Amino acid sequence: MGGSRRIPVEEIRHIAELAHIELTKEEEIVFTEQFNRILEYFSMIDEADTENVPLTYHVLDLVNVYREDEVHESMKRDEPLRNASKKEGRFFKSPRIV
Amino acid sequence: MKGMEGDVKIGLEVHVQMTSLKTKLFCGCSSDYRGKEPNTLVCPVCLGLPGSLPVLNKKAVEYAVMAALALNCEISDRMLFFRKNYFYPDLPKNFQITQYDRAGGVPLARNGYLYLDFEGRRRKIRISRIHLEEDPGRLVHLGSIDRSPYTLVDYNRSGVALLEIVTKPDIRSPREARIFLQKLRSILEHLGIFDGGLEGAMRCDANISIAGGTRVEVKNISSFKEVERALSFEITRQRGLLEKGIMVKRETRHWDEARRVTVSLRTKETEQDYRYFPELDLVPVELKEEFIEKVKAEMPELPDKRVERFISQYGLPRYDASVLVSSKALADFFEEAVRLYNKPKEISNWMMSDLLRYLYENNLELHESKITPAKLVEMIKLIDEGVISGKIAKRILPKIIVTGKSPSEIVREEGMVKISDLEFLENLITRIFAENPKAVNDALINEKAAHYLVGQLMKATEGKADPVLSSQLIMKRLEKLRRERGIK
Ligand SMILES: [Zn+2]
């Protein structure tokens, strides 16, 4: 815990790849710098004593929010595709993925 | 090589749609998407539009708990949803809402099992975990997946409730994998949460390794019919490599149903990095004791119990009972037929032999055939009333299965009524005796040789002669000859 582990530029490249984003060499340096600055804030949190605190996965004090299995009207016929930049017939169109 | 398949380990990851739900997992869009116009059953939630919020379908949780209980799992008292991040056009949000069993994630259920009665042995297949998650959308390619110029996307299926059921690598052969999926299907159908007859309602991925070697994952197996083919191919491929002294590569392969081969997906390792984190748009779900007890109390009869009941109530052999119960549709068919005509053994025999054989040979499921319990019963009654012989029934059954016509209609149309016209049969016997003097002589001294003559009579009438009457008439005629010739 604590201390400042720095993320190397390789990690930035990996994350960019996962996000399907192309970065220039300059951008890689900028992002590495920014990521590490963000993580420094977290290292401050790391200093807090959490010895006997249970894991928090949710900040709301709510559980079991359900809806019944009843059909509600979906969007009107032409609405779903209205803002799609690329479509064909009633389909969304995307680049080939394999 | 050691015992043919003793060194094979198979684990399955099965995705099952809870098809009895009316709506999707996190929104009120209808989940009845099959055959619907693309992108008509969608809303901001299942299209992943900004600002939309998922709300969990209560019935989906009940059904999932039911499935987990039926598979003897430990159910978590509190479960969480996670985001599984990856970029693929079938996921409009760029993540799938699912569950996770690491890093503090808690799936619906863990540590279950089910028993398979397979090749005379009882086998235990352990279940590692059951997840609740959403189905992605449907991708449509023009031509083959690797040549299509672009991908078309229909989100009608996006958000449909799925159960992901993961087994330990306890399965030992492709055939056993198929039996496992059949049993799983039968259990889920008995629970009333699933209809396996719907296309794509049960899909699976498989992990296979041979002799403790490298594990290969095979994706895109679309049904329990395909699982046996895909795994057999993969085992043959791996054995071929091992025999040549080539290492099996750890990889993910895709089952190409049309070509019946597995092909390497050449995916980059990075694509396996899903960056799971908690889905904060959904609150935790507490599965309280009372809730689970209530679900338990409402559970219908499960296949293992039904097999025992078929044995005790109808007096069926264990093997027959388990074959009938291997599919809910088959078991329901049987019970409906027995309700119409209380002859369980006859009904079971016709189903076990001719009906199932026909379906198997033609790769049909019961619901794809046109036979009904009433029609099968009508056919058995025609035999019992002496209108047709069993032999004729064997010829009628496939016609009922294919055309759905009533047995009496087929009998009438094809002139298959059993011949019990005395004069006609007597004349025919005279002819057959004249044509087969040697067989007649044999039959005079050896009763058993008379079977040949009965066979000739059946042949001459294309199986339509009343078998009991024919045999009686032939015996009588032989007796008369014996007296005439002084043979004792
Ligand atoms: Zn929706």
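Chain B is divided into domain 1 (8–296), domain 2 (301–413) and domain 3 (422–485), with bounds that come from an automatic or database domain assignment. Please note that this is a predicted model, in which local features need pLDDT of at least 70, side-chain atom pairs count only at pLDDT 80 or more, and totals for chains, interfaces and linings use all residues. Residues are numbered from 1 along each chain as its sequence is written, while chains are lettered from A and ligands numbered from 1 in the order in which they are written.

Let me start inside chain B. The C-alpha centres of domain 1 of chain B and domain 2 of chain B lie 34 Å apart. Their contact takes nine residues from domain 1 of chain B and 10 residues from domain 2 of chain B; two residues are in contact if their C-beta atoms, placed from the backbone, lie within 7 Å. On the side of domain 1 of chain B that touches domain 2 of chain B, helix α2 (residues 174–190) of chain B gives the most, with six residues. Helices (H or I, at least four residues) and strands (E, at least two) are DSSP runs, numbered from the N terminus. That side of domain 1 of chain B has two nonpolar, four polar and three charged residues. Here Ala, Val, Leu, Ile, Met, Phe, Trp, Tyr, Cys and Pro count as nonpolar, Asp, Glu, Lys and Arg as charged, and the others, Gly among them, as polar.

Strand β14 (residues 252–256) of chain B and strand β15 (residues 261–264) of chain B run antiparallel and are joined by four bridges; two strands pair if DSSP finds at least two bridges between them. B:Trp255 stands opposite B:Thr262 in β15(B). Four residues lie between the strands of this hairpin, and B:Arg260 takes a positive phi near 55°.

I turn now to chain A. Its secondary structure comes to three helices and three strands, in the pattern α-α-β-α-β-β along the sequence. The radius of gyration of chain A, taken over C-alpha atoms, is 22 Å, well over the 13 Å that the globule rule (2.2 Å times the number of residues to the power 0.38) gives for 98 residues, so chain A is more spread out than a compact globule. The C-alpha trace of chain A spans about 55 × 45 × 25 Å along its principal axes. Chain A averages a pLDDT of 86, and 95% of the residues score at least 70; pLDDT is the predictor's confidence in each residue, from 0 to 100.

How do the two chains meet? In total, 43 residues of chain B are in contact with 34 residues of chain A. The largest share of the side of chain B that touches chain A, five residues, comes from β10(B). The residues on this side divide into 24 nonpolar, 10 polar and nine charged.

Which strands form the open sheet, and in what order? Four strands do so, in the order β2(A)-β3(A)-β10(B)-β9(B), with antiparallel pairing. β2 (87–88) of chain A and β9 (138–141) of chain B stand at the edges, each with a single partner strand, so one side of each is left without a neighbour in the sheet. Strand β3 (residues 91–95) of chain A pairs with β10(B) over four bridges. Within β10(B), B:Val153 is the bridge partner of A:Phe92, and B:Leu152 stands opposite A:Lys93.
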